Amino acid sequence: MAQLLNNIYGHKTQLEKLLSAVEDKHLPHALLFTGPSGIGRRKVAEALAQSLLCEKEHPACGKCSSCISVEQKKSLHVLYIQPDGLYIKVDSIRRINQFLSLQSFAPARLIIIDSAHQMNLQAANSLLKILEEPPSHVYFILISSHLSALPVTIRSRVQTLRFFPLKPADMYKTIQSADLKNGKENISVKPGMQKKIQAPSFDLKEKWMIKASQGSMDELEKWQENKSVREQAFQLLAMAVSGEELSPFVDIADLVKKREQALFVCLCWQQILRDACIKKLHGTNIIHQDQKNILNILQKIPFAVLEIIFQKTVQLEKDLKGHADSPLAFDNLFMQIKDLLFKVNSKERKCGQTYILI
Ligand SMILES: [Zn+2]
């Protein structure tokens, strides 16, 4: 039993707006929650559902049968729509029509559409018809990270509420709250002592992980799961910029054969190159502070060359998203970086300087 509002960290302004609209009975019938994925927009939608459906009080008691059913995602008054594979198809919109055709005495009914930008055209047109003549006490909450991918006709029918990445403090609280909920808190408490929060499964000493996640819990999970891929990605970049031959311990083809993982390696490279540029400018907001080896190597490369390599990783990301052959694309980039640095070094050697370890 829980008031879902209490599990949300951050998004204070957005919550205040929504809750006061519920209290004043001015909540728009169709809302669009935008912002990056993994920051808790669905949790806000569910907390809003609890507030609208609670039998007892405002914002929500967290204890009545309505509140509990929303928390357990079993409420008959809340319909969840998600993509089926790559798209939300018209069948899902038919489910909305069926849901709305049922008689209901509930104070509200909600339709929460996750990844709304994945609606295909037919589905979007069908939804538009419903949004044009919204039944009373029915609220649509569309969640999307790609606003521009949503048809303008849909966007013109919804009120957009923008959500922002979580602050590090809110990420820590979210992690701790999730771990406590999962029963990972096992600290013994002496009588009379205040219960302390035990360190959760995410190692909070790994500050880089919070920074690398850029306010998204989804990203945090990705970094947590791919720690060894990150190490290999940095090792590979170190080899490329040092002009080394590929080590038998780093197999590019194996590392990047899956597109998702290839994009992750690309992200690692972009972040560490950004770190190296910031370090050169004597900035302090370094993400991968623990990666002293690769950062020291990159420090010996001129700023302009680091920028060129960064731009090449941006192109690589585009190519990967355009379904380029991942191992081949990485192989090419690896060779390009080696060539680029060889040329820079040769030029500098002629001028009597060397600054790269080749
Ligand atoms: Zn309640």
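Two strands are taken to pair if DSSP finds at least two bridges between them, and strands (E, at least two residues) and helices (H or I, at least four residues) are DSSP runs numbered from the N terminus. The structure is a predicted model, in which local features need pLDDT of at least 70 and side-chain atom pairs count only at pLDDT 80 or more, while totals for chains, interfaces and linings use all residues. Residues are numbered from 1 along each chain as its sequence is written.

Strand β1 (residues 30–34) pairs with strand β5 (residues 159–162) in the parallel sense over four bridges, with T34 standing opposite R162 of β5. β1 also pairs in the parallel sense with strand β4 (residues 138–144), over five bridges, and I143 of β4 is the bridge partner of F33. Four of the five residues of β1 are buried, so the strand is largely enclosed by the rest of the structure; a residue counts as buried if 20 or more other C-beta atoms, placed from the backbone, lie within 10 Å of its own.

The axes of helix α12 (residues 259–280) and helix α14 (residues 303–321), which are lines fitted to C-alpha atoms over the stretch in contact, come within 10 Å and cross at roughly 160°. The two helices α12 and α14 are therefore roughly antiparallel to each other, a term applied to angles over 145 degrees. Their contact, defined by C-beta atoms placed from the backbone and lying within 7 Å, involves residues including L263, W269 and L273 of α12 and F303, F310 and L316 of α14.

Definitions and conventions
Axes fitted to C-alpha atoms, helices over the stretch in contact; angles between N-to-C directions. Parallel < 35°, antiparallel > 145°, perpendicular 65-115°, else oblique. Contact = placed C-beta atoms within 7 Å. Buried ≥ 20, exposed ≤ 12 C-beta atoms within 10 Å, placed from the backbone.
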